[in-house]
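Subject: Structure handover

Hello,

Here is the structure for you to look over.

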Amino acid sequence: MKKILLMGHPNVGKSAFFNRLTGANVIESNYPGTTVDYTKGYIRLEDKDVEIVDVPGTFSLEPKDKAEEVAVAMLHNNKDAFVICVIDASKIERGLYLALEIIENGYPTILALNMWDITEDKNIQIDVVKLEQILGIPVVPTIAISGEGIKKLVERIKQAVPIKVDKIIEKAGDSAK
Ligand SMILES: Nc1nc2c(ncn2[C@@H]2O[C@H](COP(=O)(O)OP(=O)(O)OP(=O)(O)O)[C@@H](O)[C@H]2O)c(=O)[nH]1
Ligand SMILES: [Mg+2]
């Protein structure tokens, strides 16, 4: 595994996630040619140190500002990266669009349904197993601030494989019948 990109909308808990995943060895950088800062570090996966990047928040892969441009550039410049797509599970529909865009671009992706505590407090029901079946990628509920679900997510990163979006649409159609 070459690199892991931690991606998602602004304010969904990416940095809280990143801090849970990495130790103290983090490097603050400035993306070349921009004023956009980002952080990278390493996580230990199967006895290897894998680089992980806390990518600036982006709403979609059609950038609307400098930070989003950097996020999209990071994705496109790392064709062999794995993506942890972090979404705010209490606003799941908004986040799924970005997740689908990333999947559609052929990146092995794992979906973190973060803010699971808020989702439960609001009594929002999400069928995680069904979502996982439809998307064909691992889906893990997480609470980045308490660390809940993070270990499970790390264990499942290697199950992320490239998926064809046609297949997702087919399966979503089947589930509606
Ligand atoms: N209740 C709850 N709060 C969370 C969770 N994860 C993160 N937060 C809080 O949500 C806020 C945003 O978290 P960040 O980690 O800064 O989010 P981010 O995605 O890095 O945000 P940007 O870097 O601005 O795009 C902070 O106040 C966190 O403490 C969670 O699972 N549950
Ligand atoms: Mg952040």
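Start at the ligand. A polar side-chain atom of asparagine 114 lies 3.1 Å from a nitrogen atom of ligand 1. That is a polar contact (a pair of N or O atoms within 3.5 Å; within protein, one must be able to donate a hydrogen and the other to accept it, and residues adjacent in sequence count only if both atoms are side-chain atoms). The protein covers 67% of the 660 Å² of accessible area that ligand 1 has on its own. Accessible areas come from the Shrake-Rupley method with a 1.4 Å probe; for residues, only the protein chains shown count as cover.

Before going on, the ground rules. This is a predicted model: local features need pLDDT of at least 70, side-chain atom pairs count only at pLDDT 80 or more, and totals for chains, interfaces and linings use all residues. Residues are numbered from 1 along each chain as its sequence is written, chains are lettered from A and ligands numbered from 1 in the order in which they are written, and side-chain values use heavy atoms, leaving out hydrogens and water.

**Around the ligand**

Ligand 1 is surrounded by 15 residues (a heavy atom within 4 Å). The closest are Asn11, Lys14, Ser15, Ala16 and Asp117. By class, eight are nonpolar, five polar and two charged. Here Ala, Val, Leu, Ile, Met, Phe, Trp, Tyr, Cys and Pro count as nonpolar, Asp, Glu, Lys and Arg as charged, and the others, Gly among them, as polar. Helix 1 gives the most to this shell, with three residues. Helices (H or I, at least four residues) and strands (E, at least two) are DSSP runs, numbered from the N terminus.

An oxygen atom of ligand 1 is 2.8 Å from a polar backbone atom of alanine 16. Asparagine 11 sits in the loop between strand 1 and helix 1. Its phi is near 70°, a positive value in a residue other than glycine. Asparagine 11 is exposed, at 72% relative accessibility. Exposed means over 50% relative accessible area, buried under 20%, partly exposed in between (1.4 Å probe, protein chains only).

Methionine 115 also has a positive phi, near 60°. Methionine 115 lies in the loop between strand 6 and helix 4.

**The cores**

The largest nonpolar core has 39 residues. Such a core is a set of buried Ala, Val, Leu, Ile, Met, Phe, Trp, Tyr and Cys residues joined through side-chain atoms within 4.5 Å. Ile102, Leu111, Leu113 and Leu131 touch the most other members. Helix 3 gives the most to this core, with six residues. A second, separate core has 21 residues, including Ile43, Leu45, Ile52 and Phe82.

Beyond its neighbours within four places in sequence, isoleucine 102 is in contact (heavy atoms within 4.5 Å) with Met7, Leu61, Leu75, Val83, Cys85, Tyr107 and Thr109.

**Two more residues**

Threonine 58 is in the loop between strand 4 and helix 2. Threonine 58 is buried, at 0% relative accessible area. Its side chain reaches the backbone oxygen of serine 60 at 2.7 Å.

Lysine 48 is in strand 4. Lysine 48 is exposed, at 57%. Lysine 48 and methionine 1 are 47 residues apart in sequence, yet 9.1 Å apart in space, C-alpha to C-alpha.

Best wishes
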